[in-house]
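Welcome, and please open your viewer. We will walk through this model one selection at a time.

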Amino acid sequence: MKEKVHELRDDELQEKLASLKTELFNLRFSHATGQLSNPLKIQTVKRDIARVKTVIKERELRANKEVK
């Protein structure tokens with residue numbers, strides 16, 4: 001996941017972010033009902049979301065810097 005994020009286009013990053021947020025919601029729901037077999041998966045998904053958000057923010061800052 002780490003290396004792949006930087007290779008994605010902006011629209012793909014937005015789709016990936018939405019997908020990860022949905023997955024996190026489902027994992028939290030499963031955890032609350034006691035059906036989650038691997039609780040560490042929640043932590044992994046949170047980190048993936050942070051990676052995607054970081055790349056998006058880096059690209060926004062780079063684009064703003066180039067405009068000025």
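What share of the contacts in the chain with a separation of 6 or more comes from residues 24 or more positions apart? Such residues account for 64% of those contacts, where contact means heavy atoms within 4.5 Å.

Before you select anything, two notes on the numbers. This is a predicted model, in which local features need pLDDT of at least 70 and side-chain atom pairs count only at pLDDT 80 or more, while totals for chains, interfaces and linings use all residues. Residues are numbered from 1 along each chain as its sequence is written, and side-chain values use heavy atoms, leaving out hydrogens and water.

**Stop 1: the whole chain.** Show the chain as a cartoon and you will find 3 helices and 0 strands (DSSP runs numbered from the N terminus, with H or I over at least four residues for helices and E over at least two for strands). From the N terminus on, the order is α-α-α. The radius of gyration is 15 Å, well over the 11 Å that the globule rule gives for 68 residues, so the chain is more spread out than a compact globule. That radius is taken over C-alpha atoms, and the rule is 2.2 Å times the number of residues to the power 0.38. Along the principal axes, the C-alpha atoms fill a box of roughly 50 × 20 × 15 Å.

**Stop 2: helix α2.** Select residues 10-32, the 23 residues of α2. From first C-alpha to last, α2 reaches 33 Å, close to the 33 Å expected at 1.5 Å a residue (1.5 Å times one less than the number of residues). Now pick out Leu 13, Leu 17, Leu 20, Leu 24 and Leu 27, which are buried (under 20% relative accessible area; exposed is over 50% and partly exposed lies in between, with a 1.4 Å probe and protein chains only). Just after α2, look at Gly 34, with its positive phi of about 80°.

**Stop 3: an aromatic pair.** The structure holds 1 such pair (rings of Phe, Tyr and Trp, the last by its six-membered ring, with centres within 6.5 Å; planes under 30 degrees apart are stacked, over 60 edge-to-face, the rest tilted). Select Phe 25 and Phe 29: their ring centres are 6.4 Å apart and their planes at 25°, so the pair is stacked. Phe 25 is exposed at 57% relative accessible area, and Phe 29 is exposed at 54%.

**Stop 4: the core.** Finish with the largest nonpolar core, which has 13 residues (buried Ala, Val, Leu, Ile, Met, Phe, Trp, Tyr and Cys joined through side-chain atoms within 4.5 Å). Leu 13, Val 45, Ile 49 and Val 52 have the most contacts inside this core. Helix α3 (40-67) and α2 each supply at least two of its residues, and α3 gives the most, with 6.
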